[in-house]
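Let's walk through this structure together, one piece at a time. Have the sequence and the 3D view side by side as you read.

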Amino acid sequence: NASDYISPDPINAAFDILDKLGVDYVVEQGKSGEWWYRKWNSGRAECGIDNKSFGNIDHKHPWGGMFSSDQKSFGNYPFAFASRPFTIISFQSTSNGTHTSYVAQANTQSTTEAPKFMLIDPGNGTALGTTFGIYVCGRYK
């Protein structure tokens, strides 16, 4: 009978109050493949991969006075952004001890694909068992 159903009216009324107060809130969140994501009522969105293994990465291509790896990629975002989002790629760890490498992101205008990146290191060698993280923030509407 109808008493078994929960009315959405109180929930909708609460969101109306939040909207009037100008408080932002999450309207969708979840996982898509390796990506986690959140979309906010205001149109802001964020997504990321906390810790992705890229295996062994050779940094053996001369690059000025340093050495670079081939380009790597996290692939496509879990949704399309309305404009190019802000992106941070972070070197998390390597299994062969300390590293002196840093991440160089490639320039991109894409709203659907994460920027490619390279590992830059002053020494010619291989970073073993590398892991990286990515955080992306922008607008989806």
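This is a predicted model: local features need pLDDT of at least 70, side-chain atom pairs count only at pLDDT 80 or more; totals for chains, interfaces and linings use all residues.

Ile11 is partly exposed, because its relative accessible area is 47%; here buried means under 20% relative accessible area, exposed over 50%, and partly exposed in between, with a 1.4 Å probe and protein chains only. You will find Ile11 in helix 1 (residues 9–21). Helices (H or I, at least four residues) and strands (E, at least two) are DSSP runs, numbered from the N terminus.

Residues are numbered from 1 along each chain as its sequence is written, and side-chain values use heavy atoms, with hydrogens and water left out.

Now step back to the whole chain. It has one helix and nine strands, following the pattern α-β-β-β-β-β-β-β-β-β along the sequence. The C-alpha trace spans about 70 × 30 × 20 Å along its principal axes. The radius of gyration is 21 Å, whereas a compact globule of 141 residues would have one near 14 Å; this radius is taken over C-alpha atoms, and the globule rule is 2.2 Å times the number of residues to the power 0.38. Of the 141 residues, 33% are buried. If you take the contacts between residues at least 6 apart in sequence, 67% of them join residues at least 24 apart, where contact means heavy atoms within 4.5 Å.

Four strands form an open sheet in the order 4-5-8-7, with antiparallel pairing; two strands pair if DSSP finds at least two bridges between them. At its edges are strand 4 (61–63) and strand 7 (102–105), each of which pairs on one side only. Neighbouring strands of this sheet are turned by 40° against each other on average, direction ignored; the axes are lines fitted to C-alpha atoms (for helices over the stretch in contact), and angles run from 0 to 180 degrees between N-to-C directions.

Strand 4 pairs with strand 5 (residues 66–68) over three antiparallel bridges, and Trp63 has Met66 in strand 5 as its bridge partner. Strand 5 is joined to strand 8 by two bridges, again antiparallel, and here Phe67 stands opposite Asp121 in strand 8. Strand 7 and strand 8 share four bridges in the antiparallel sense, with Val103 partnered by Leu119 in strand 8.

Why is strand 8 (residues 117–121) described as largely enclosed by the rest of the structure? Five of its five residues are buried, so the description follows from that count. In a regular strand the side chains alternate between the two faces of the sheet. Phe117, Leu119 and Asp121 point one way from strand 8, Met118 and Ile120 point the other way, and all are buried.

Finally, let's look at the aromatic side chains. A search of the whole structure finds eleven aromatic pairs. Rings of Phe, Tyr and Trp (its six-membered ring) pair if their centres lie within 6.5 Å; planes under 30 degrees apart count as stacked, over 60 as edge-to-face and the rest as tilted. The rings of Trp36 and Tyr135 have planes at 35° and centres 6.3 Å apart, so this pair is tilted. Trp36 in strand 2 (residues 35–40) and Tyr135 in strand 9 (residues 125–139) are 99 residues apart, and the pair links these distant parts of the chain. Trp36 is buried at 19% relative accessible area, whereas Tyr135 is partly exposed at 29%.

The rings of Phe54 and Phe132 lie with centres 5.4 Å apart and planes at 85°, so they form an edge-to-face pair. Because Phe54 is in strand 3 (residues 44–59) and Phe132 in strand 9, the pair ties together parts 78 residues apart in sequence. Phe54 is buried at 15% relative accessibility, and Phe132 is buried at 0%. Phe54 also has the charged end of Lys52 over its ring, 5.5 Å from the centre; such a charge counts if NZ of Lys or CZ of Arg is within 6 Å of the ring centre and within 35 degrees of the ring normal.
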